[in-house]
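Please find below my note on this entry, written as numbered points for someone who has not looked at the structure before. The sequence and the structure come first, and the comments follow.

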Amino acid sequence: MSTRGEKRDCQTAPLDILCSLPENVIDDILMRLPLRDAMQTSILSKKWRYNWCRLPELTLDLTNLISTKDSIPPMFKFTNIIYHLLTLHTGPITKFDLSFSSNLMPCPTIDNLIYFLSRNGIQHLVLKLSSRGDPYKLPTSLFTCFQLRRLTLQYCSIIPPPAFKGFDQLISLELRRATITSKFLESLISHCVLLEQLVLDISDLSGVVEINAPRLRCFKFAGEISSIYLKYIPLVTELSLADMECYEGPRICDIAKFFESFPALEHLRLNHGILMYLAAGGDLPIRLPFDLNCIKCLCLADFYLDELDVVSCALCLIRSFPFLRYLEIQVDDLNDDIPALECLEVEAFSDATFNNLREVQLTSIIGSKPEMQLIKLLLAKSPMLVRMLVEPYLEVDDADKLKISDVLNSFRRASPEVEVVYTC
């Protein structure tokens with residue numbers, strides 16, 4: 001039988017453990033929590049009361065601040081949290097991550113927050129703001145954060161002071177649905193001389209932006225491809241391009257000249273719009289006049305197999321990547337009456353073998369003739385293939401899934417070790 005004293009010890013043991021934790025362990029726990037949760041740990045004990053106040057990295061996710069059961073306006077809650085942060089926090093803040101889904105305009109509170117961060121050594125700043133209303137206009141204090149190493153801005157209006165050139169310590173820049181002039185964006189990129197990662201999701205650029213970034217390793221773009229010119233990015237190893245406008249007007253693109261600029265490229269992701277852009281330059285070669293030996297991974301998104309130019313462009317690239325190890329194709333066809341394509345016949349590849357291809361993933365398959373041709377081709381010409389994953393389109397019925405499975409099982413396989421997985 002336990003005594004009353006033993007029961008009391010058991011009840012206080014968890015609190016004693018929390019109070020006895022070393023400060024570095026407490027700091028590590030708090031930095032893994034969202035800012036609101038970290039603030040609430042102040043009620044645990046006197047030792048924990050102000051521990052959150054010295055954290056150098058803070059994450060404030062207020063995307064779910066609106067509640068139907070709560071009559072308190074979201075802006076009041078936000079202002080209250082920021083007030084406690086500005087008045088109680090001590091020491092540097094090297095990273096601040098803010099996500100907010102309510103309309104912030106106008107919002108002097110966030111202006112004050114950015115000014116506070118600019119005076120406290122901010123190096124990594126993330127502002128993911130609401131798309132409701134006008135974009136949030138960044139205060140001039142942001143452009144005095146000269147220690148910034150990483151910057152992410154979403155739904156912000158970027159208008160710099162006249163004397164501002166760039167962040168000379170910045171290595172990562174991410175702009176999503178930001179309002180910015182083409183002239184300033186081009187200048188910003190070129191003046192961030194240490195830039196290694198650039199993400200642009202901008203669809204309303206008024207002119208062509210030259211991307212001149214000699215240290216850039218990763219570039220991801222979504223918008224209108226004709227609004228950017230990849231002038232000088234010789235070290236890029238990861239490239240993702242998505243043309244979201246599907247512009248079908250005249251565009252001149254030399255596919256060989258386009259890929260000459262990426263001698264170090266390893267990971268490439270293109271969508272249907274980009275393949276259309278690359279195919280618009282005239283007669284497509286069977287393969288590039290040179291091999292891109294560094295490319296290991298190729299992903300083709302929103303891929304239409306009913307457009308011959310797009311398919312020919314994709315095959316040209318696959319032929320030109322002799323050391324390709326991973327291929328992913330996200331099919332976007334809903335018409336199962338597409339006729340077979342001569343360019344996808346195995347006989348058309350008598351001069352090519354995918355000797356290094358190890359893994360293939362094909363998604364949203366409906367069982368069209370070109371889809372089956374492509375799968376047959378990849379299985380027949382990939383002697384080192386280890387795994388092929390085929391995922392059907394969600395609305396394919398069970399009978400059609402069974403037919404597709406039977407056809408897959410009938411194809412000859414160049415690799416004796418390949419596992420074909422059909423997720424029906």
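**Notes on the predicted model**

1. I begin with two helices, H8 and H9, which are roughly perpendicular to each other, because their angle falls in the range of 65 to 115 degrees that carries this name (under 35 degrees counts as roughly parallel, over 145 as roughly antiparallel, and the rest as oblique). Helix H8 covers residues 272-279 and packs against H9 at an angle of about 85 degrees, with the axes 9 Å apart; the axes are lines fitted to C-alpha atoms, for helices over the stretch in contact, and the angles run from 0 to 180 degrees between N-to-C directions. On the H8 side the meeting residues are His272, Leu275, Met276, Leu278 and Ala279, and on the H9 side they are Asp309, Val310, Cys313 and Leu317, where contact means heavy atoms within 4.5 Å.

2. Residues are numbered from 1 along each chain as its sequence is written, and side-chain values use heavy atoms, with hydrogens and water left out.

3. As an overview, the secondary structure of the protein comes to 11 helices and 18 strands, taken as DSSP runs numbered from the N terminus (helices are H or I with at least four residues, strands are E with at least two). Of its 424 residues, 46% count as buried, where buried means under 20% relative accessible area, exposed over 50%, and partly exposed in between, with a 1.4 Å probe and protein chains only. Among contacts between residues at least 6 apart in sequence, 67% join residues at least 24 apart.

4. The largest nonpolar core has 129 residues, and those with the most contacts inside it are Phe96, Phe219 and Phe259. Helix H9, residues 308-319, gives the largest share of this core, with 8 residues. A nonpolar core is here a set of buried Ala, Val, Leu, Ile, Met, Phe, Trp, Tyr and Cys residues joined through side-chain atoms within 4.5 Å.

5. How many aromatic pairs does a search of the whole structure find? The search finds 9, counting rings of Phe, Tyr and Trp (its six-membered ring) whose centres lie within 6.5 Å, with planes under 30 degrees apart called stacked, over 60 edge-to-face and the rest tilted. The rings of Phe258 and Phe262 have centres 5.5 Å apart and planes at 75 degrees, so this pair is edge-to-face. Phe258 counts as buried at 15% relative accessibility, and Phe262 counts as buried at 1%.

6. Ring pairs also link Phe143, Phe164, Phe167 and Phe184 into a cluster. Elsewhere, Arg319 lies over the face of Phe349, at 3.9 Å from the ring centre; a charge sits over a ring if NZ of Lys or CZ of Arg is within 6 Å of the ring centre and within 35 degrees of the ring normal.

7. Leu385 deserves a look, since its place is in the loop between helix H10 (369-380) and strand E17 (387-392), and at 1% relative accessibility Leu385 counts as buried. Leaving aside neighbours within four places in sequence, its contacts include Leu357, Val360, Leu378 and Val418.

8. Phe100 in strand E2 (residues 95-100) is buried at 1% relative accessibility, and its C-alpha lies 4.9 Å from that of Thr63, 37 residues apart in sequence. Glu174 in strand E7 (residues 172-176) is buried with a relative accessible area of 15%, and has contacts with Leu151, Thr152, Leu153 and Val199, neighbours within four places in sequence left aside.

9. Finally, please check the backbone at Asp302, in strand E14 (residues 297-303), where phi is near 50 degrees, a positive value in a residue other than glycine. Ser364, in strand E16 (residues 359-365), has a positive phi near 60 degrees. Asp302 counts as partly exposed at 34% relative accessibility, and Ser364 is partly exposed with a relative accessible area of 25%.

Terms used
This is a predicted model: local features need pLDDT of at least 70, side-chain atom pairs count only at pLDDT 80 or more; totals for chains, interfaces and linings use all residues.
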